Amino acid sequence: MSAGLGAAETAGVAVARRIAVIGGGPGGLYTAALLKRLDPRREITVWERNAPDDTFGFGVVLSDETLGGIEHADPVVYRALREEFVRWDDIDVVHRGTVQRSGGHGFAALGRRRLLEILHERCAALGVELRFRTEAPPAAVLAGSYDLVIAADGVHSLTREAHRDAFRPRVTTHRCRYIWLAADFAFDAFRFETAETEHGIIQLHGYPYAPARGEDPGASTVIVEMRGEVWRAAGLDRCDEQGSIDQCGKLFADALGGRPLRGNKSSWTAFRTVVNEHWSHGSTVLIGDAAHTAHFSIGSGTKLAVEDALALAACLTERPTVAEALAAYEAERRPVVQSTQRAARASLEWFEDLAVYADQPPRQFAFNLLTRSRRVTHDNLRLRDAEFVASVEREAAVPPGTPPMFTPLTLRGLTLRNRVVVSPMDMYSAEDGTPGDFHLVHLGARALGGAGLVMTEMICVSERGRITPGCAGLYAPEHERAWRRVTDFVHTSAPGTAIGAQIGHSGRKGSTRLMWDGIDQPLPHGNWPLEAPSPLPYRPGVNQTPHALDAAGLAAVREQFVRSAEAADRAGFDLLELHCAHGYLLSSFLSPLTNRRTDAYGGDLAARLRYPLEVFDAVRAVWPADKPMTVRISATDWAAGGTTGADAVETARAFAAHGADAIDVSTGQVVPDEAPDFGRSYQTPYADRIRNTLGVPVIAVGAISSWDDVNSLVLAGRADLCALARPHLYDPQWTLHAAAEQSYTGPGAPWPLPYRAGSRTPPTGRTDGPKPRLTLGT
């Protein structure tokens, strides 16, 4: 958060003397209170169309971090909250009759109505004008007479809608339906519970909170959620409020101890994720749900709104003009909110797809749920509750003292000693397709670094199938001999490390410059003709138009893959991967954006799969039966009308049926106008969905950067192997260092004998001084 607010009380004339706040929820009220406290001369008016005691939620959860910000900014509000919060540490996951409890989490909650009472009292004491039961004038009107207009008018913000062209909102409606209810007793933990019905899985999210004055001393928020089709099949779409309350009470009668639920104008709704391209327009700024929403399963919108208020107040204190303050507020908050929304999206989708995890062992199911957003990980969950994590590891048969990433995995006749893969990375350093000393050192260093499997870059199956003149190949005898030199080194000098070859054809993305000379840009001279399923250039007007492969061309390319596979076996590779991702030739058959054929190889997904499956079958027929084959796919094109996650499941199903031993799940790079949702581990949900829908082993990729991520994904059952690229460029010994950092010395990560002396972290100079023995009073 920005610099402390306390110093502002002695500052000069404040920025924004007259302030209008639209919306009297917690975000709007707290912003008003902060700004008035910072400069009592400010004239601040809050418009709220409802009565003071109207509220449509129950409990509000705030984190210790948020409470710390409140304590620093306004001790009066903090003390009032501290006196009334209900605190607890445990989470219970109840599934199929078993209860798994994990401790050490730390929550604080109180009733939304009581929170509003505290904020009303604080605003009144400071001199903020509160106008209840009064519709605010439009923001454009208020902006004519106020220095600043704060739109805290919620997810259905009229301000945002009135200025759509300026804020450019995107609102995504999700697949589950949910209803907010309450019970007049306090759960003793945060409770997640499933009910498996004839219509599908229904889940409960419940937690205690401190109610408002005059209410019963114990209360709990109860949210019931399910997929839309389950909601309709169960007839809940036809229930009124009381009917819904009664049905939910019956579904979770054991959790409620037979006690009734109650509503508060409660109705079923679908969660909507709100994202705005801009948060301010002139002197009007959005905060809270008007600016952004995050699914309730990772915390409350109130938490985000309060943090917005703290940042906005700080920026208005630190900056000389409203415009600069609003720009600073957005710059400060947007990255934090984006991170929260990514975590919320992962959590939301986990619950949407909860049914695919239902058959997991009970402790793994609970661990998967707790780590669903990727914010809670194996390592920090172990810090919170070591015994719970140990119980999950025992259930999964992880040997004592062994991090999950260092457990073996067997694919056909190949046993990998750990779950780390050096991901394929194009090096653009071959000469006429022949790998040289660079490849020997590059791949050899990563093999010595401890990974269970080291993958080559995409090895091109023909000269025309290269991406650039620097791409490696496996279509000439000299290529085979050069690769044999690499595999011999790995098997001799890094015994126990497997090395795999990824074979592919560039398709319409070929005949381009080396990456550092201009990625995807055509060669200035010496271009070769391109081939693809359809005559569509990668970038119209930039890249050349490929010719569409006819029957003879399809047969010729298929034979090129076969010859390269045979050469890969002779060259000593342990595993073969067929590259059907990233917009290269086989990938461009799979995507509807790049395959416009009208023959048997174009049309629906089954037809688009036909040629890649023909190539796979031909290659599998010549690849030794005891050696595994994997397939890399792009699980989504990140573009409208392209491949979807559902398509990816069917694609994986087809390859698995034809004998693929694992699916390497990447995304994108198929069309240049993609819009990826970048973030930590952002591609892993696609691998997770394939693995837990089909039961097929998967390799997860995509911004997996820490050994903690690998342990989390493997133990949760979301991935069997994790492929890392950039971390292995930064540190060739990434896996060995991960073992050392976890004090692991077992068979999953043996140090090469010449390196063993370096298996401990080198000592550094001490930076700590002697601790004081006495503290003398003044």
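**Salt bridges, sheets and a buried strand**

Glu135 and Arg49 are both exposed in this structure, which is a predicted model. The side chains of these two residues, Glu135 and Arg49, meet in a salt bridge, with a distance of 4.0 Å from N to O. The pair links distant parts of the chain, since Glu135 belongs to the loop between strand S8 (129–132) and helix H5 (139–142), while Arg49 belongs to the loop between strand S2 (43–48) and strand S3 (59–62), 86 residues apart. Side chains of opposite charge can pair when their charged atoms come close.

The count of salt bridges in the model comes to 46. Among them is the bridge between Arg164 and Glu161, in which the closest N and O atoms are 2.7 Å apart. With a relative accessibility of 39%, Arg164 counts as partly exposed, and Glu161, at 32%, likewise counts as partly exposed. Another salt bridge is formed by Glu349 and Arg345, whose closest N and O atoms are 2.6 Å apart. Both Glu349 and Arg345 lie in helix H12 (residues 322–352), where they are four residues apart, or about one turn of the helix. Because its relative accessibility is 24%, Glu349 counts as partly exposed, and Arg345, at 35%, also counts as partly exposed.

Six strands form an open sheet with mixed pairing, in the order S8-S2-S1-S9-S17-S16. The edges of this sheet are taken by S8 and strand S16 (280–281), each of which has a single partner strand, so that one side of each is left without a neighbour in the sheet. Strand S1 (residues 18–22) pairs with S2 in the parallel sense over five bridges, and within this pairing Ala20 stands opposite Thr45 in S2. Helix H12 packs on the sheet, where it touches strand S9 (148–151), S16 and strand S17 (284–286), and its direction makes about 15 degrees with that of S17.

Strand S25 (residues 575–580) is largely enclosed by the rest of the structure, because six of its six residues are buried. In a regular strand the side chains alternate between the two faces of the sheet. Both faces of S25 are covered, with Leu575, Glu577 and His579 buried on one side and Leu576, Leu578 and Cys580 buried on the other. Strand S22 (residues 498–504) runs parallel to S25 and is joined to S25 by four bridges, with Ile503 standing opposite Leu578. Strand S26 (residues 629–634) is also parallel to S25, to which five bridges join it, and the bridge partner of His579 in S26 is Arg632.

Helix H19 (residues 551–570) has 20 residues, which at 1.5 Å a residue should span 28 Å, and the end C-alpha atoms are 29 Å apart, so the two values agree. The buried residues of H19 are Gly553, Leu554, Val557, Gln560, Phe561, Val562, Ser564, Ala565, Ala567 and Ala568. Just after H19, Gly572 takes a positive phi of about 95 degrees.

Conventions. Residues are numbered from 1 along each chain as its sequence is written. This is a predicted model: local features need pLDDT of at least 70, side-chain atom pairs count only at pLDDT 80 or more; totals for chains, interfaces and linings use all residues. Side-chain values use heavy atoms; hydrogens and water are left out. Helices (H or I, at least four residues) and strands (E, at least two) are DSSP runs, numbered from the N terminus. Buried means under 20% relative accessible area, exposed over 50%, partly exposed in between (1.4 Å probe, protein chains only). Two strands pair if DSSP finds at least two bridges between them. The expected span of a helix is 1.5 Å times one less than its number of residues. Contact means heavy atoms within 4.5 Å. Axes are lines fitted to C-alpha atoms, for helices over the stretch in contact, and angles run from 0 to 180 degrees between N-to-C directions.
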